[in-house]
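Open the model in a viewer and follow the selections below in order. Each stop names what to select and then says what is there.

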Amino acid sequence: MGTRNQDLGRYAQRGVSATKGDVHSAIANLDQGLFPGAFCKVVPDILTGDPAHCLVMHADGAGTKSSLAYAYWRETGDMGVWQGISQDAIVMNLDDLLCVGVTDNILLSSTIGRNKRLVPGEVVKALIEGTEAVCAMLRTYGVNMVLTGGETADIGDLVRTVVVDSTVVARARRDDIITNRQIMPGDVVVGLASFGQAKYEQVYNGGMGSNGLTSARHDVFAKWVGEKYPETYDPGLDAQLVYAGTCGLAEPLPSLQGITVGQLVLSPTRTYAPVIARVLREMRGAVHGLVHCSGGGQTKVLNFIHDMRVVKDNLFPVPPLFALIQHESGTPWREMYQVFNMGHRMEVYVRPEDAASIIAIAEEYGVEAQVVGRCYSEPGRCEVRVEGVTGTYSYLKE
C-alpha cells in the first residue's frame, strides 16, 4: 500500500502528470475568485455589476485523444470519430461547470488548431458539425448551450495532427454556486458510472473520458500504429514507451460484440449534464459537493477536502476498457486509480438519506449509480483510500 501521492511511473515517463504539481505551483499565488477551492474559478459579474450574480469561465479540450482519432480515421475512413472528439472537448468543460452548479444558458467557443497538410477541411467540417450536434442533444435535455463561434488555425509548425479545445462561460446566482465546502464527515459518495450506454448515448461507452489517453493509446495499441502514423506521437519519447501494446486499431474486442478496440478507447466522453441538471432542479440543497474525476482519477477529491479521509470501498467492477489497459501495460493498480476514472467519473457528496434519490434519478437516464464510499473526520490529514479486489491504496494531499 502506498502512502504518498507520488508522480507516476509510465505516465510521467511519457511527459504527462496526473497531479499537475508544477501547474498548481504556477497558479498558487493567483487570485482564487469568489469561492476559493471551488471546482471552477468563480468571479464577480463584471458585465452587469450585479452583486447577486457571478460569472464562471472554463477552458479544456480533447487532449491527445484527437491524435488517436486521427490514426483511427486514417486507418478506417470513419469520419464519425470526429463528432466524438467534438463531444470530448465540450464535455470536459461542461461537466466541470456542473461541479459548481451551472447547468444552463452556457456560451461555448470552439478552438481547432490543425496541421493542414495532414488534416483536411472535411475533418474541420465534421468537428464543427459535431459540436452543434452535441449542443442540440443537450438542449433536448434542458441544458441550453449555444455555440458562439470560435477559431480554426493552421499551425503545422506547432501541431503534429489536430488539437480540439473549447471555452465555456455562464452567468449564475452566487447563492446557487456549489463550492464543495459543505463536504463533511458522514457524507456518502454517490458514483455515476462512466461506462455502459446511457439513454442519451447511441452506443456502448467504454468510460475513458478524455484523461489518460497518452497512456491508454501507447499501452494498448501495437508498434505498427506508430510506424505507420509517426505524426501521432512525440518523437522524443523513449521507443520502448511508444505503442507498446498488441492491439490493432480496428481489432474486434471479444468481450464486447460489435465494438473494435479503437472504438472502445475513443468512446466519447460521457456527459452527466442531463442527470445533474435534474438533481439540482429537485434537490440542490441536499448536494454538498460535486467532483468530476478527470485529471487525477479517483484521487481528484483531494483538491477539495480538508481534515478528512474519503474511503472508496464499493467501486464498480473494473470495466473492460480499464482491465484491457492494465493487462496490456502491466501498470500497477495504484497508478491505474490515479490516472483513470476506473468506472465512475462523477461523484455526488450527500447525506446517506439522500443517496437513494440521486441513484434513482441517474438510473432513469440509463446511468448506473451507487454509493461508492464515505467521508470520515481525519484532523490534520487529507486522504483518499481505495479498497477493492485489486488491493488497498492510500493517496495523500501533498
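Start by selecting residues 185–377, which an unreviewed UniProt entry lists as "domain: PurM-like C-terminal". The model is a predicted one. Across residues 185–377 the chain is 30% helix and 16% strand, and the end C-alpha atoms of this stretch lie 5 Å apart.

Within that range, select strand β6, residues 188–193.

Strand β9, residues 344–350, runs antiparallel to β6 and is joined to it by 6 bridges. To see one of the pairings, pick V189, whose bridge partner in β9 is Y349. Strand β10, residues 369–377, is also antiparallel to β6, with 5 bridges between them. Here, pick V190 and look across to V371 in β10.

Next, go to R278 in helix α9. R278 counts as buried, at 15% relative accessibility, because the cut-off for buried is under 20%. Leaving aside neighbours within four places in sequence, show what R278 touches: I361, E364 and Y365.

Move to residues 50–170, annotated in UniProt as "domain: PurM-like N-terminal" in an unreviewed entry. This stretch is 41% helix and 31% strand, and its end C-alpha atoms are 14 Å apart.

Select helix α5, residues 121–140. Colour the buried positions of α5: V123, V124, A126, L127, G130, T131, V134, C135, M137 and L138. An α-helix has 3.6 residues a turn, so residues three or four places apart point the same way. Which elements do the buried residues of α5 pack against? They pack against helices α3 (65–76), α4 (81–98) and α9 (273–283), and against strands β3 (106–114), β4 (145–154) and β5 (162–173). Just after α5, stop at G142, where phi is positive, at about 80 degrees.

Then select D45, in the loop between β1 (42–44) and β2 (53–61). Is D45 buried or exposed? D45 is buried, with a relative accessible area of 3%. Display the side chains of D45 and R171, which are joined by a polar contact of 2.7 Å. Apart from neighbours within four places in sequence, D45 is in contact with D50, H53, C54, L55, R171 and R174.

Last, look at the cysteines. How many disulfides does a search of the whole structure find? The search finds 0. C54, one of the contacts of D45, is in no disulfide, and the nearest cysteine sulfur, in C40, is 11 Å away. C54 is buried, at 0% relative accessibility. Finish at C99, whose closest cysteine sulfur is that of C40 at 7.0 Å, too far for a bond. C99 is likewise buried, at 0% relative accessibility.

Terms used
Residues numbered from 1 in each chain as written. Predicted model: local features only at pLDDT ≥ 70, side-chain atom pairs only at ≥ 80, totals over all residues. Heavy atoms only, no water. Buried < 20%, exposed > 50% of the residue type's maximum accessible area, 1.4 Å probe, protein only. Helix = DSSP H or I, 4+ residues; strand = E, 2+ residues; numbered from the N terminus. Pairing = 2+ DSSP bridges. Polar contact = N/O pair within 3.5 Å; in protein donor to acceptor, adjacent residues only side chain to side chain. Contact = heavy atoms within 4.5 Å. Expected span 1.5 Å × (residues − 1). UniProt positions renumbered as here; feature names shortened; annotations may be inferred. Disulfide = S-S within 2.5 Å.
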